[in-house]
Amino acid sequence: MVTGEAPTQKRILLASLSAMVAESVTFPIDLTKTRMQLHGSGSAHRVGAIEVVSEIMRQEGVMGFYKGLSPAIIRHMFYTPIRIIGYENLKGLIVRSEANNGESLPLATKALLGGISGVIAQVVASPADLVKVRMQADGRLVSQGLTPRYSGPVEAFTRILQSEGVKGLWKGVVPNIQRAFLVNMGELACYDHAKHFVIERKISGGDNIYAHTLASIMSGLASTTLSCPADVVKTRMMNQGEKGVYRSSYDCLVKTVRFEGVRALWKGFLPTWGRLGPWQFVFWVSYEKFRQLAGLSSF
C-alpha cells in the first residue's frame, strides 16, 4: 500500500526502531556469517557455521557474538529508514502518476526502485558498516591471542579517519552498493509483491502476521541468493587495511574464485539466509505492528 500521505518523520522513527530490534536479535548470526566469509581468505581452507560458532563460544564467550553491535545499530539508524521510506516515496510518485493510472506496479519496476533506494542508503551508511565489519573481524585476532585493532567504535572510526583519511571510511563502497542494490532489489520488491500476492489470493486470511511471515521468508531467500557474492567481496574489501590483498572489488572477485572456487562466492550462504530470514521477519512484523499502533496504513 502506498503511504505517501503518512508523516515522514513518524515513518522514519518507526523504521529505525524496528531495525534496531531486528539487528539486536539477529546480530550473532551476522557475526558468524562475517567470520565465515573472512576465514580462509586467499586459501582453499573452508569452515562451517558450526565450527565458527563453537570457536567463538570457546574463545570469546557469549559476549563475543555481539562484537561490533553498536556500529551496526548506528548503521541501521541511517540505512534502514532511507531505503524503506525512499522505496515507499519513489513507489508513491509512480503510482500517483497519470501514466500508471493507480495500477499495481510490475515486479521489475519494484525491483529497480528497491535497488535504487538501497544504493542511496548504503552510500550514507557505509562508514558505520565499515566500522562494524572491522570490529567483527577483530574478534578473530583476540581468539588467536593477538591484540585487537580497536577498543571500540569511536576509536575505530577515529583511527580509520587518521590513517586512511576520509576516503578510507568509504573503503569497499563499490561492492557495498552492489550488495545493497541486490539485497534491496530482492528484499523490498519481493516482500511488497509477495505480501500482496498472499493477501489477494486469500492465503493468509488478510493483512496479518501470517502474510508478513510468508512474505519475509520469500524475500529473505531471494535477497540472499542475489546478494551473497557481493556480500563476500564487500566483507573482504572492507576488512583489509591500508595495504590490502585486493586492489579492487573485481580483483577480490577474481582471486576468490581462483583460489577458492566459484562456491566461495556463496560462502556463509546459510548463516546469511539464517540471518536475513529472521531479520526480515522481526523487522517487518515489528514495522507493520508499529505502523498499525501509530495509526498508519500498512507498508
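User: What are the ground rules here?
Analyst: The model is predicted, so to speak of local features we need pLDDT of at least 70, side-chain atom pairs count only at pLDDT 80 or more, and totals for chains, interfaces and linings use all residues. Residues are numbered from 1 along each chain as its sequence is written, and side-chain values use heavy atoms, with hydrogens and water left out.

User: How many helices and strands are in the chain?
Analyst: Nine helices and zero strands. Along the sequence the pattern reads α-α-α-α-α-α-α-α-α. Helices (H or I, at least four residues) and strands (E, at least two) are DSSP runs, numbered from the N terminus.

User: What share of the chain counts as buried?
Analyst: 51% of the 299 residues. Buried means under 20% relative accessible area, exposed over 50%, and partly exposed in between, with a 1.4 Å probe and protein chains only.

User: Cavities next. How many of 30 Å³ or more?
Analyst: Two. A cavity is a set of points on a 1 Å grid, over the protein atoms alone, where a 1.4 Å probe fits but cannot get out; lining residues have an atom within 4 Å of a point. Grid points are joined across faces, edges and corners, and a volume is the space filled by probe spheres set on the points.

User: Which residues lie nearest the centre of the largest cavity?
Analyst: R75, H76, Y79, R179 and R275, out of 16 lining residues.

User: And which helices supply that lining?
Analyst: α1 (8-38), α3 (69-95), α4 (107-143), α6 (173-200) and α9 (269-293) each supply at least two residues. α3 gives the most, with four.

User: How does the lining divide into nonpolar, polar and charged?
Analyst: Four nonpolar, one polar and eleven charged. Here Ala, Val, Leu, Ile, Met, Phe, Trp, Tyr, Cys and Pro count as nonpolar, Asp, Glu, Lys and Arg as charged, and the others, Gly among them, as polar.

User: Back to α3. Where is its kink centred?
Analyst: On H76, with a kink of about 35°. H76 is also one of the residues nearest the centre of the largest cavity. The bend at a residue is the angle between axes fitted to the seven residues ending there and the seven starting there.

User: What about the span of α3?
Analyst: It agrees with expectation, because 27 residues at 1.5 Å a residue should span 39 Å and the end C-alpha atoms are 38 Å apart. The expected span is 1.5 Å times one less than the number of residues.

User: And α9, how far does it reach?
Analyst: 35 Å from its first C-alpha to its last, close to the 36 Å expected for its 25 residues. G295 follows α9 and has a positive phi, near 80°.

User: Which residue other than glycine has a positive phi?
Analyst: K202 has one, near 60°. Most residues other than glycine have a negative phi. K202 sits in the loop between α6 and α7 (209-239). At 69% relative accessibility, K202 counts as exposed.

User: Switching to salt bridges. How many does the structure hold?
Analyst: 18. A salt bridge is a side-chain nitrogen of Lys or Arg within 4 Å of a carboxyl oxygen of Asp or Glu.

User: What does K91 pair with?
Analyst: D192, with the closest N and O atoms 2.6 Å apart. The pair links distant parts of the chain: K91 is in helix α3 and D192 in helix α6, 101 residues apart.

User: Are K91 and D192 buried or exposed?
Analyst: K91 counts as buried because its relative accessibility is 9%. D192 is buried too, at 1%.

User: Which residues do shared partners join into one network?
Analyst: D30, R75, D129 and K132. R75 also lies among the residues nearest the centre of the largest cavity.

Conventions: On a 1 Å grid over the protein atoms alone, a cavity is a set of points where a 1.4 Å probe fits but cannot get out, and a pocket is an open set with protein on both sides within 12 Å along at least five of seven lines; lining residues have an atom within 4 Å of a point.
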